[in-house]
Amino acid sequence: MKILIVHCHFERGGVTQVVDNHVHCLHQSNDIDEVALVSGPRQSGLHAATRSSASLWTLPSLEYDSLRDCSRSVSQQAEQTARELDEQCQRAGWTREQTVIHWHNHSLGKNAAAPLVIQRLANLGYACVMQIHDFAEDQRPQNWAHLKTAHDCDHVQDLDKILYPCGERLSYATLTTGDAETLSKFGISNSRIDVLPNSVRLPSDELPDFETAAQRVAKAFQLPTDFRWMLYPVRGIRRKNLGEFLLLCQMAGRPTVGAMTLAPDTPMERKSYERWRAIAKQSVDNVVFDAAHQEGIQFVDNLSAASVVVSSSVAEGFGMVFLEPWLASRPVVARNLPGVTRDFMDQGMQLDQLYDVVMIPSSASWLAEAERQFAAAKVNAWKGVRSPGGAAVSRDCDWIDFARLTPELQTEVIHRFATDSGFAKEIRQRNATLCDALRTASDPATIAHNRNVVATKYGPENQRQQLLSVYRKAIRNEIPTASDSLNTKTMLDLVEHSRPFYPCRVEQLA
């Protein structure tokens, strides 16, 4: 088999990390003759080991629509891209019958022609595996509207047929069982869907010991010697729910110091990030931003110095942060995302320190206004695109989950926590179990157990076998052409019901 892995770009980020891991897993497989990666011009995020283990091709027409000339129609663009990919394979000596095209995030809306390209390649005889990391329908109204316009679709169902094609030589892979169930409910045959979770490995086999790493971090950030490093090892984009991370820092209190590692790249995400940095400067005295950008500090230093790793994210395609820290024997305290964490617990992980809500008590009138703003944020996010249900809910309790608050109300809570000791005390009391998890050491037996589960269930060897299984099935074309069921739901409806809405994800800053 020849494996062609396709994405719009290979800059640093989640998909590129997945591709790095895939190449690492496939490198020594006797079943794979060659692996090539192809993307638009941006390819700086790939590891050196990946570049030496796979061919690297460049196709400008695969770049984001927002970063290239889009004067051609989406159909013309698809015809050109499919022809160029086919010609590149022929030049490399790859036959159509022996080649599997593994395409990442074809339906996300970054390159509208991608679904049509895949259908053309399948018609030529290529086995195509479409791996979905994220859905455009999952609170990405700009992406979804771009797809609908580019394909000139009057009806949602017409767009669905383009984005999620059925037929010979076409199959799907998802990161989670929940996403696989969504595709199945949409009407795609279960025999054409595989769950392909990410493999997990640390970027280095050599981790500094805790004391050495803690000394480096303390010196770099001028921290007191008794500090506890509470690490949030992500890029601080909106869905990472940074307002809640700041509240976790406040709830933990000193000597705990929260550490947000990476700043976002895009203008909108950067505005949100800088806003939270400014709020922290006013009201949160135990947090560090850009912890991974500090000279002389590597990711392994931040991880090894951590007493606990946290995540306040409200949406993940896979959730690497739930797994990776355990390999370094670091406990994880995180907001529970059942669509993601269910798979981990089914594999035997003990995730007792997940939390479902952060309770914020207040008056009936304030809570009613918070719910009204929540509903308005949902309607406004899809305004002009579709009309999701956004009615405010009636309340029969005296608190609201912090993640349901708009960023403006989250900011209000953070400022009040810093200035009203009674309010701060009540929040800590309402969330006593979470506060204890943030402040106390985890059970060594739990750490050892989870480390073993991650290493065995999500390690490179297991991933290699999963990839080979997907590719063998695709190349043998053991795929029916008909759906197992008649679909009566749109993908918009199915995704909306499988993933909760949170205002921080769709906030637009001027």
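Me: Which side chain does E371 meet in a salt bridge?

Reply: A salt bridge is a side-chain nitrogen of Lys or Arg within 4 Å of a carboxyl oxygen of Asp or Glu. Here the side chain of E371 pairs with that of R404, at 2.8 Å from N to O. E371 sits in helix α14 (residues 364-381) and R404 in the loop between β15 (399-401) and α15 (407-419), so the bridge ties together parts that are 33 residues apart in sequence. As for those labels, helices (H or I, at least four residues) and strands (E, at least two) are DSSP runs, numbered from the N terminus.

Before we go on, this is a predicted model: local features need pLDDT of at least 70, side-chain atom pairs count only at pLDDT 80 or more, and totals for chains, interfaces and linings use all residues. Residues are numbered from 1 along each chain as its sequence is written, and side-chain values use heavy atoms, with hydrogens and water left out.

Me: Is E371 buried or exposed?

Reply: Buried means under 20% relative accessible area, exposed means over 50%, and partly exposed is in between (1.4 Å probe, protein chains only). E371 has 1% relative accessibility, so it counts as buried. R404, with a relative accessible area of 21%, is partly exposed.

Me: Which residue does K378 meet in a salt bridge?

Reply: That's E496, at 3.2 Å from N to O. This pair links distant parts of the chain, with K378 in helix α14 and E496 in helix α20 (residues 491-498), 118 residues apart. K378 is buried, its relative accessible area being 16%.

Me: What about R416, which residue is its salt-bridge partner?

Reply: R416 bridges to D420, and their closest N and O atoms are 3.3 Å apart. Both residues can be read with the accessibility cut-offs: R416 is partly exposed at 39%, and D420 is partly exposed at 28%.

Me: How many salt bridges does the count come to?

Reply: The count is 32 salt bridges. Some residues join up in a network of salt bridges: D134, D138, R140, D179, R499 and R505 are linked this way.

Me: At what angle do helices α9 and α10 pack?

Reply: Axes are lines fitted to C-alpha atoms, for helices over the stretch in contact, and angles run from 0 to 180 degrees between N-to-C directions. Helix α9 (residues 242-252) and helix α10 (residues 267-283) pack at about 20°, with their axes 10 Å apart. Angles under 35 degrees count as roughly parallel, over 145 as roughly antiparallel, 65 to 115 as roughly perpendicular and the rest as oblique. So α9 and α10 are roughly parallel to each other.

Me: Which residues make that contact?

Reply: Contact means heavy atoms within 4.5 Å. From α9 come L242, G243, L246 and Q250, and from α10 come Y273, W276, I279, A280 and S283. By class, the contact has 6 nonpolar, 3 polar and no charged residues. Ala, Val, Leu, Ile, Met, Phe, Trp, Tyr, Cys and Pro count as nonpolar, Asp, Glu, Lys and Arg as charged, and the others, Gly among them, as polar.

Me: And at what angle do α16 and α17 cross?

Reply: The axes of helix α16 (residues 421-430) and helix α17 (residues 432-439) cross at roughly 90° and come within 5 Å. That makes α16 roughly perpendicular to α17. R428, Q429 and R430 of α16 meet A432, C435 and R439 of α17, which divide into 2 nonpolar, 1 polar and 3 charged residues.
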